[in-house]
Amino acid sequence: MNKIIITIFLIHVSVFANAQYQTKPNEKGKDYYINPIFAGDYADPSILRDGDTYYMVHSSFEYYPGLLIWQSKDLINWEPVTHALHKNIGNVWAPDLVKYKDKFYIYFPANGTNYVVSADSINGKWSEPIDLKTGGIDPGHITDENGKRYLFFSSGSFIPLADDGLSVAGESKHTYDGWKIPRQWSIECFCMEGPKLVKRGDYYYLTVAEGGTGGPATGHMVISARSKSLFGPWENSPYNPIIRTTKESERWKSKGHGTLFEDSKGNWWMIFHAYEKDFYNKGRQTLLLPVEWTKDGWYKIPDGITEDKPIKKPNLPASKSSFTLNDSFEGKSLKPQWEFFGGADSNRFELGNNSLSINGKGDYVGSSSPLLCIPLDHSYNAEVELLIEGKATGGLVLFYNSGAFSGILANNGNILANLHGWQFETEKNVIEKHVFLRLKNVNNTVDMYYSTDGDKWNKIENSLEVSGMHHNVLSGFLSLRIGLTAMGEGKVTFKNFKYHPIN
């Protein structure tokens, strides 16, 4: 009898552990959610509540179109709305999405300066980016009690904005020095960043990140301070750090870049990002935790609440998401999950007849500006049909940046393998300008397949191990994404992109 009881207990523990390590906002029962709420590379989240609807935007780095806006009613299930940035102005980090009066704005740093885009509707059309001609990174917008607008920056400084929010209206002034990190802690750097501000009662609350986004898992953290004036002085919270990874054994690493917000029912929450243990190559994922206020006017995460356990869902109307990576390329526009690395050239691709045609660019994967999407799961199959024209080479790849990529490729007659930049013909004279390609990624071990009919699949002898393709190895703060590549002289037509989680 004791053996039976022990066996049942172990099965229960195993099932619960597996539920914890799923990478979508799955539920444990109807009243709970499991982090992350955005699985995959969704770093530096910024959230806006407009009535009973929530909008979120993230860093878009070198992927274009950029600044993809999402919406939700329940904070758990999200649908894409539109991209707010189409002009390539460089590497886009840490945006701040705000509404002022009846207009929407996104402030963000890129190319050594800061920009703003604006729109009368969240759905767009969004304006061309306006250069604010001011330095600093990670702008955080706040309006004071007199309706004056300011941007705070990672330096602990702020600058006034014009009433229309489209230009600066004064000089930068320093106001906050941050929270002193104990020297014995393992951090990457002091690196104060990501200032976000809210007003509650008599106080402005400033939330920042410290400790460095990359490096040791224990470095990145969320810090809080408050002041009755935006000009200071700022008093650091006795509960600092509000969120921090303290042990290497934790599932979520380098937790930081938090934003404090109030939902439509008066409850408070924090979104933030973190790397996942054993899956750093997924990038920084977006997590959600409840927040409580103390009697003396500080906020903290409630005792007993951690991001790796089921959490009571927000008391909000349920919403559903139909978002999927599967794409039959119908219509005349790319679905919002697709972004080109290094800039989107509308003259380079065309949709029609349930297919996507991309003209070849460059002579290797890194120079081809591949079309990318973010995988949602630890393990998955991704496959696509290709038609090759001219002297083009097409492929299905896993892409980190222009110097780090791998995958399976095809030209008019041969199957090629690319193993971390080493590219060669692995199956010769097996196709005739038409092929189906598949990547099977199981916990970072990737097998590669081709098919001539989409039914019978042939595994090539070459496989990949991709767990090391992440920022702490390669830098850049990027992630490993699924890519469609077309290179050389000619054109590659893609059909029926399919993505299936492997449980």
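Modeller: Ala, Val, Leu, Ile, Met, Phe, Trp, Tyr, Cys and Pro count here as nonpolar, Asp, Glu, Lys and Arg as charged, and the others, Gly among them, as polar. This is a predicted model, in which local features need pLDDT of at least 70 and side-chain atom pairs pLDDT 80 or more, while totals for chains, interfaces and linings use all residues. Residues are numbered from 1 along each chain as its sequence is written, and side-chain values use heavy atoms, without hydrogens and water.

Colleague: How many residues of the lining of the largest pocket are nonpolar?

Modeller: A pocket is an open set of points on a 1 Å grid over the protein atoms alone, where a 1.4 Å probe fits, with protein on both sides within 12 Å along at least five of seven lines; lining residues have an atom within 4 Å of a point. The lining comprises 21 residues. Six of them are charged and four polar, and the nonpolar ones number 11.

Colleague: Why is the pair of W179 and W185 classed as tilted?

Modeller: Rings of Phe, Tyr and Trp (its six-membered ring) pair if their centres lie within 6.5 Å; planes under 30 degrees apart count as stacked, over 60 as edge-to-face and the rest as tilted. The ring centres of W179 and W185 are 5.9 Å apart, and their planes lie at 45°, so the pair is tilted.

Colleague: Which ring lies under the charged end of R481?

Modeller: A charge sits over a ring if NZ of Lys or CZ of Arg is within 6 Å of the ring centre and within 35 degrees of the ring normal. R200 sits in this way over W293, 4.0 Å from the ring centre. For R481, the distance is 3.5 Å and the ring is that of Y63.
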